[in-house]
Amino acid sequence: MRKQSEINRAIEYLKPLVDKVSRLQVEILENKRSETWVFNQYVRDVPEDKQNETLFYAARDAAMFLSGKIGISSICPDLEDEPEEEQELEETITLSLSEYKKLLLRLDRVERRLGLRVGSLEKVPRKDISEAPDDLIGQADACRLIGCGKTTIKRWANKGLITGYQKGRSVYYSRRELIGSPVVRDYKDSKSNKE
C-alpha cells in the first residue's frame, strides 16, 4: 500500500484538472479502491456495449498506484517518482488467532529444542544423587526411553531443559521427569511426525 503522503501528492496534482479521467482517478485514490473493485465496476458489471476502456485503464492505473505496483509518474506525468531507496514496501501477512497461537507454539518448541531460551548460557550443574527421586535410570536407558543420542540428552541437561543427577562420574535421570518434560515430548512428537 502506498504512503498517504504520496496519495495526497497525486490527489493535489489531479484535483485541479477538470477532465473526466482525472476526476475518476481522484475518486479512486480518495476511496482507496482496489484493482478488483475497478475491474468489477468498469468491466464485469457493465454490458459490453457500454464499457469505456479509457475510464477503465485510468481507474486501474490509479488502483495500481495505490497498491504500489506503479509509480506516481504513471498517473501524474509531470511528477517524478520518488527514488527507490526512499520507498518502503512493507508486506503484511494476516493470520487468524489460531494460526498465530500454533506459530508461537512451534517457535516455543524450536527454542526449547535448540536451547535458545533467554537467560543464563552457563552450563547447569547436575544435582546430587541425594536429591533424586526413586525412579532413576542410567544415561543409556534414558536415551533408549527417549530415542535420542547421548549428546542430545547431555545438551538438554547442560541447558537445564531436563534434570541430571550426579553420582561420581555417572549421571542418572528420573523416568517420570523425562516422560513429563516438554523438550522430550516435543522431540518424540517430531520423530513420530517424520515417520
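How exposed is E35, in terms of relative accessible area? E35 is partly exposed, at 26%, where buried denotes under 20% relative accessible area, exposed over 50%, and partly exposed the range in between (1.4 Å probe, protein chains only). The model is predicted, so local features need pLDDT of at least 70 and side-chain atom pairs count only at pLDDT 80 or more, while totals for chains, interfaces and linings use all residues. Residues are numbered from 1 along each chain as its sequence is written, and side-chain values use heavy atoms, with hydrogens and water left out.

**Salt bridges: criterion and count**
- A salt bridge is a side-chain nitrogen of Lys or Arg within 4 Å of a carboxyl oxygen of Asp or Glu.
- Under this rule, the count is eight salt bridges.

**E35 and K69**
- The closest N and O atoms of the E35–K69 salt bridge are 2.7 Å apart.
- Because E35 belongs to helix α3 (residues 35-44) and K69 to the loop between α4 (53-67) and α5 (97-114), the pair ties together parts 34 residues apart in sequence.
- Helices (H or I, at least four residues) and strands (E, at least two) are DSSP runs, numbered from the N terminus.
- K69 counts as exposed, at 56% relative accessibility.

**R44 and D45**
- R44 pairs with D45 in a salt bridge whose closest N and O atoms lie 3.0 Å apart.
- R44 is exposed, with 55% relative accessibility.

**D134, D135 and R176**
- A network of salt bridges links D134, D135 and R176.
- Between D135 and R176, the closest N and O atoms are 3.7 Å apart.
- D135 is buried, at 14% relative accessible area, whereas R176 is exposed, at 54%.
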